Structure formats: structure tokens, C-alpha cells
Amino acid sequence: MTSVLTGVPVSSGRAAGIVVTMPAPVAEPPVTTLTDDADLDQAADSVAAAVTAVTTDLTERAGRATGASADVLTMTAAMAADPSLSADAVRRIRDERATPARAVWDAAQQAAATLESLGGYMAERARDVRDVRDRLVAHLTGQRQPGVPDPGHPFVLVAHDLAPADTATLNPETTLAIVTGSGGPTSHTAILARALGIPAVVAVAGSESLADGDTVLVDGAAGTVDTAPAPDAVAALAGKRPERRTFSGEGRLADGTRVELLANVADGAAAQAAAASGAEGVGLFRTEFLFLGRDTEPTVAEQTEAYAAVLAAFAGHKVVIRTLDAGADKPLPFLTADGEPNPALGVRGLRTSWAHPDVLERQLDAIAAAAAAQPQTTVWVMAPMVATPDEAAGFVERCQAHGLEQAGVMVEVPAAALRSRWVFEHARFASLGTNDLTQYAMAADRELGDLAQLSTPWQPAVLDLIAATCAGAQASEGGRPVGVCGEAAGDAVLAAVLVGLGVTSLSMTPTALGDVAAVLAATTSDRCAQVAAIARDARDAAAARTAVREALADVLEPLGL
Ligand code: PEP
Ligand code: MG
């Protein structure tokens with residue numbers, strides 16, 4: 001039997017280490033009462049012991065963490081130690097003969113409901129109380145602590161799937177590689193793993209057979225997990241992070257043609273890291289991360305501060321801010337509808353502003369204020385999920401009313417790609433969201449690993465849509481710039497194809513900048529046009545990729561790509 005499991009490669013690099021599996025979510029304890037002869041003092045003491053254990057664990061983890069995650073862990077530790085929570089749980093044990101786990105669960109539910117009724121900042125804390133609840137219940141019922149594990153040593157994380165909230169707490173210093181049983185190439189797990197430079201393979205068949213303590217070798221480029229790696233291969237990689245080619249300066253083809261190489265970021269810290277990686281600017285600022293995980297909209301002041309932090313990192317350069325892209329896999333309780341039958345085809349992206357124009361207005365207020373506070377940064381604004389020329393016109397008009405002149409659209413709906421000439425009558429620029437464009441062109445949910453062979457921007461149909469978008473831009477008055485900000489931009493081989501199709505800038509996770517810049521620097525405009533034609537001529541995605549790799553072999557081989 002082979003020792004190699006295969007999946008979908010989503011973040012390159014090789015790493016070897018010990019498996020730590022993601023714990024199962026903590027289930028609600030049954031509503032049972034203590035027997036008549038139960039020792040109530042002992043039950044009450046077990047709550048106190050759980051509080052001590054969980055607080056100590058969180059405090060120790062905070063000591064090992066840095067930055068925002070250290071702050072979150074310290075705050076959660078303080079919340080676990082809050083005497084009112086344990087006092088209410090003990091009261092439920094004594095008065096209602098509740099089991100300790102059930103008593104903690106109900107006490108925390110009550111505390112969370114009270115916080116939610118207060119609204120605003122307090123309502124945000126309800127989530128933290130539920131996190132503390134799960135930790136205490138896990139301790140009381142002998143389960144593992146929930147969330148991304150922190151075993152105190154580097155490890156390979158194995159999970160069925162990772163929620164955005166989990167991935168946000170990953171520590172790139174100790175997470176050597178990620179292996180998941182589900183997830184597609186443009187799922188959140190994949191995007192975040194690439195952003196953090198962690199090798200990752202998703203949709204791995206047989207990943208559930210991996211157990212804590214196993215040693216595996218993960219190859220994030222080949223999409224393999226070797227469950228019986230040779231000891232010398234493990235020793236050679238042990239504990240090492242993969243090396244990345246660095247980038248600094250300008251993106252240029254071998255013939256001098258400029259191709260702006262930009263970064264995708266979600267907050268000020270990521271923008272600073274991107275600037276340090278040499279990015280020429282930001283091609284996609286995903287603003288929704290400020291809104292996600294909250295029960296209420298951030299205030300204009302809060303938004304302004306967050307946007308200004310990103311602009312400040314790129315003084316003298318360009319930052320393309322995308323307005324809120326909520327809905328589908330990024331639901332927001334105050335904005336998006338629950339229970340849509342097909343959320344990816346529902347009220348998401350710019351469409352949320354139809355019923356809530358005020359949320360977009362306040363966001364544009366904040367963007368305009370941030371731009372005024374950081375006058376050295378060139379601010380462009382774009383809307384997600386634009387489908388028609390009228391939507392583009394409406395958005396551009398609203399931006400201009402806020403003094404934001406450089407307003408454009410994301411092209412991620414096939415209709416906008418095919419009709420781009422009319423979209424460009426209004427939009428000053430476009431950025432191709434190839435993750436969603438692929439999802440909609442191929443009718444393949446981007447989060448589903450089972451559809452990974454369809455979900456690739458190498459699909460010739462997707463390349464045709466990109467070509468149509470660029471043709472529309474070139475036919476527009478003065479020519480309009482078209483960038484790519486989907487994950488396709490960070491594929492160093494596909495980058496040459498995209499440029500050949502007429503794309504003028506590429507925005508990606510900063511760890512990809514070095515490889516993309518190196519391939520482009522060794523390729524001329526003519527060759528980019530040639531490989532674009534080769535790829536569009538291919539009958540399917542695999543053939544397109546193979547043919548382009550062959551055509552660029554003299555460029556790729558010396559670079560080890
Ligand atoms: C895209 O769809 O390609 C894109 C960049 O947007 P997101 O991944 O945030 O949906
Ligand atoms: Mg998108």
C-alpha cells in the first residue's frame with residue numbers, strides 16, 4: 001500500500017514534522033441533573049479547577065504568542081477568570097443540581113445573551129464568552145481544548161476543514177504545514193496558507209487516517225503527504241520553513257515592459273509586511289475582514305483608522321480598496337440574509353448595498369476620510385461582484401460624490417467580462433477576481449475540494465473571459481487598466497499568460513512576488529502573447545498548463561519552478 005496521500009496543492013514548499021490534529025468542536029452537554037447523593041461541593045470545586053486550568057493554559061499561550069493573537073489570548077484568559085461566570089455556574093449546581101458542564105454552559109449562555117442585548121462593543125464580547133464556555137466545558141468533560149492546537153513545538157496541522165476564525169489564529173512560526181480533508185484551491189484555508197507562506201495541501205483523500213504523533217512530509221507544490229517519509233528526508237527538512245525568492249523594486253518583462261506587482265492585504269499589519277516584501281502597492285485591500293466576526297458594523301471612525309493604516313504603509317504608491325464583499329462564505333449578521341438557497345449566487349458583494357445603501361455610504365465616507373489623512377497615497381476604489389454596466393455606473397457615481405475619482409470594478413462575474421466594453425464606459429479600471437470568475441464560469445463551488453480539477457484559472461474558458469475583459473478595456477476611451485487580484489496572479493507560470501492576455505498589473509500574496517517577478521523578468525511581451533495563445537488553444541486546463549510549461553521550459557528550469 002502506498003504511503004503517499006494526494007490532494008490539491010494550494011501553497012508550495014516542503015515541510016516535515018509531527019502531526020497534530022484539529023480537535024472536534026465542543027458539543028452542548030446534555031440537560032441532565034446530578035443524582036441525589038452527588039457531592040455538590042465537589043461539583044462546585046470542579047468548576048473552580050476548570051477555571052484555573054483554562055486561565056493558566058490561555059495565559060501560557062499568550063506568553064508564547066505575539067501581537068494581536070497575544071492580546072486576544074490575554075483577554076480571553078481574563079474573561080475565563082471572571083468570578084461572576086463561575087459564581088452563576090456554582091449557583092446552578094447548588095440550586096438546580098445541574099452537572100458542572102451544563103451549569104457552565106447555561107451560565108455562559110446567559111452572560112452572552114446579556115452582552116448581546118447591550119449591543120455595540122459589548123455585543124462583540126458575546127463570542128468571547130462562548131469561546132470561554134467551550135474551553136471550560138472541554139476541560140470538565142475530558143475533551144481537548146477547542147481551536148487551533150498549540151502543542152508548544154512546531155507541527156503539521158491536520159484538519160477536516162478550517163474556518164476563517166481558526167485560520168486567523170494560525171501561528172506561522174510553529175505551523176509547518178497544513179493538510180485538510182476538504183477545501184478547494186481558492187478556499188479561505190488556501191488563501192491564508194499562501195499569505196502566511198505555509199505549505200498546504202487540501203482535499204487530501206485519506207487525511208482522516210492521520211493521527212497525532214505521526215511524522216509526515218508535506219509537499220505543497222506536488223499536493224502530496226508522505227506518511228512514511230525517509231528519515232534522512234525528514235532530518236533535512238526538520239523544523240525548517242521553506243525558502244522564498246525575494247522581490248524588491250519594479251515588475252518588468254525582459255523587454256522592459258512594466259507590469260505592476262502588487263499585494264493583497266486585509267489590514268495595516270499585512271500592508272506593512274507587504275511593503276517590506278517589496279510590493280509596489282496594494283492591488284486588493286479586502287476590507288471585509290474588519291467587519292467579519294462582528295455583530296455590528298464598525299463605526300466610520302474605526303473604519304477610517306483601519307483604512308488609513310493600510311494607506312500609511314504605501315505612501316507614494318497606489319492602494320486599491322475594495323468595498324465590503326459580504327455574503328456567501330462571508331456572512332455578516334447585520335447585512336446578509338440567512339438561508340439563501342444558493343448563497344454564492346445570492347445577495348453578496350455590491351448587491352448588499354441595494355437594501356443597505358447606508359452601509360456603503362458610510363464606508364465611502366471612511367475611505368474618503370482616510371485618503372484625506374494620507375494624501376501621499378494614491379487611492380483607487382472598486383466594488384466586488386459587479387454584473388452589469390448600470391451597477392458599475394451607480395457605484396462610480398457614488399464614489400465620485402465622495403471625491404473618490406478613481407473608481408472601478410472587480411470583474412468576477414462572467415457577464416461583466418463578456419460585456420466589459422460597456423462596463424468600462426463607467427469604470428476607470430477593472431481587477432479580475434479570478435477566484436470567483438472561475439467559480440461562476442465553471443459552475444464549481446470554490447470551497448469544494450471535490451471540484452478542484454474544475455476550479456482552476458487555467459481553464460481555457462476562464463482565460464477566454466479574461467481576454468474578453470482586456471479586449472473591452474483596450475477598446476475603451478484611452479484604454480483602461482486591467483489587473484488580476486485573484487489567486488491566479490500569484491501563479492508564476494500563469495502570470496506570463498495573464499500578461500499575454502493584456503493584463504497590466506498582478507496583485508498577490510506577498511510571498512509569491514519573488515517567483516512571479518523572476519519569471520516575468522525572463523520573458524518578453526511577445527513570448528507572453530505566444531503562451532497566452534497556446535493556453536487558450538488548449539482543450540482543457542491540464543493541457544493548457546502542460547503546454548505553457550513546455551513553452552517556457554528555458555525560463556522555468558533555471559529558476560527551479
Ligand atoms: C476573487 O474572487 O478572485 C477575489 C479576489 O475576491 P475574493 O477571493 O475575496 O472573493
Ligand atoms: Mg471574489
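Reader: Which residues are the protein donors of the magnesium ion (ligand 2)?
Author: The protein donors are Glu412, through OE, and Asp436, through OD, and they lie 2.0 to 2.2 Å from the magnesium ion. Keep in mind that this is a predicted model.

Reader: Where in the chain do Glu412 and Asp436 sit?
Author: They link distant parts of the chain, 24 residues apart. Glu412 is in the loop between strand S13 (407–411) and helix H16 (414–418), while Asp436 belongs to helix H18 (residues 434–442).

Reader: And is Glu412 buried or exposed?
Author: Glu412 is buried, and Asp436 is too.

Reader: Let's move to the other ligand. How many residues surround ligand 1, and which are the closest?
Author: There are 14 residues around ligand 1, and the closest are Arg286, Arg322, Gly433, Asn435 and Arg446.

Reader: What polar contacts does ligand 1 have with Arg322, Gly433 and Asn435?
Author: Arg322 places a polar side-chain atom 2.8 Å from an oxygen atom of ligand 1. With Gly433, a backbone N or O atom is 3.4 Å from a ligand oxygen. Asn435 also uses its backbone, where a polar atom is 2.7 Å from an oxygen atom of ligand 1.

Reader: Tell me about Asn435 itself. Where is it found?
Author: Asn435 is part of helix H18. With a relative accessibility of 7%, Asn435 counts as buried, because the cut-off for that is under 20%.

Reader: What does Asn435 touch, leaving out residues up to four places away in sequence?
Author: Asn435 touches Thr186, Ile191, Arg286, Arg446, Gly486 and Glu487. For Glu487 there is a polar contact as well: its backbone nitrogen lies 2.9 Å from a polar atom of the Asn435 side chain.

Reader: Nice. Back to Arg322, which way does it point from S11?
Author: Arg322 points one way from S11 together with Lys318 and Val320, whereas Val319 and Ile321 point the other way, and all are buried. In a regular strand, side chains alternate between the two faces of the sheet.

Reader: So how enclosed is strand S11?
Author: Five of the five residues of S11 are buried, so the strand is largely enclosed by the rest of the structure.

Reader: Which strands does S11 pair with?
Author: S11 runs parallel to S10, joined by four bridges, and parallel to strand S12 (residues 378–383), joined by five bridges. Phe285 has Ile321 as its bridge partner in S11, and Arg322 has Met382 as its bridge partner in S12.

Reader: Changing topic: what's the strand order in the open sheet of eight strands?
Author: The order is S1-S8-S7-S3-S4-S5-S6-S2, with mixed pairing. Strand S1 (4–6) and strand S2 (8–11) stand at the edges with a single partner strand each, so one side of each is left without a neighbour in the sheet. On average, neighbouring strands here are turned by 30 degrees against each other, direction ignored.

Reader: How does S2 pair with strand S6, and what packs there?
Author: S2 and S6 (residues 200–202) pair in the antiparallel sense over three bridges, with Val201 as the bridge partner of Pro9. Helix H8 (residues 188–196) packs on the sheet, touching S2, strand S5 (175–180) and S6, and its direction makes about 45 degrees with that of S2.

Reader: Last one, helix H20. How many of its residues are buried, and what caps its N-terminal end?
Author: H20 (residues 492–501) is mostly covered, with nine of its 10 residues buried; among them are Leu494, Val497 and Leu501. Asp491 is the N-terminal cap, with a side-chain oxygen 3.0 Å from the backbone nitrogen of Val493. After H20 comes Gly502, whose phi is positive, near 115 degrees.

Conventions:
Residues numbered from 1 in each chain as written. Chains lettered and ligands numbered in written order. Predicted model: local features only at pLDDT ≥ 70, side-chain atom pairs only at ≥ 80, totals over all residues. Heavy atoms only, no water. Pairing = 2+ DSSP bridges. Helix = DSSP H or I, 4+ residues; strand = E, 2+ residues; numbered from the N terminus. Axes fitted to C-alpha atoms, helices over the stretch in contact; angles between N-to-C directions. Contact = heavy atoms within 4.5 Å. Donors = N, O, S within 2.8 Å, 3.2 Å for Na, K, Ca; no water. Buried < 20%, exposed > 50% of the residue type's maximum accessible area, 1.4 Å probe, protein only. Near = heavy atom within 4 Å. Polar contact = N/O pair within 3.5 Å; in protein donor to acceptor, adjacent residues only side chain to side chain.
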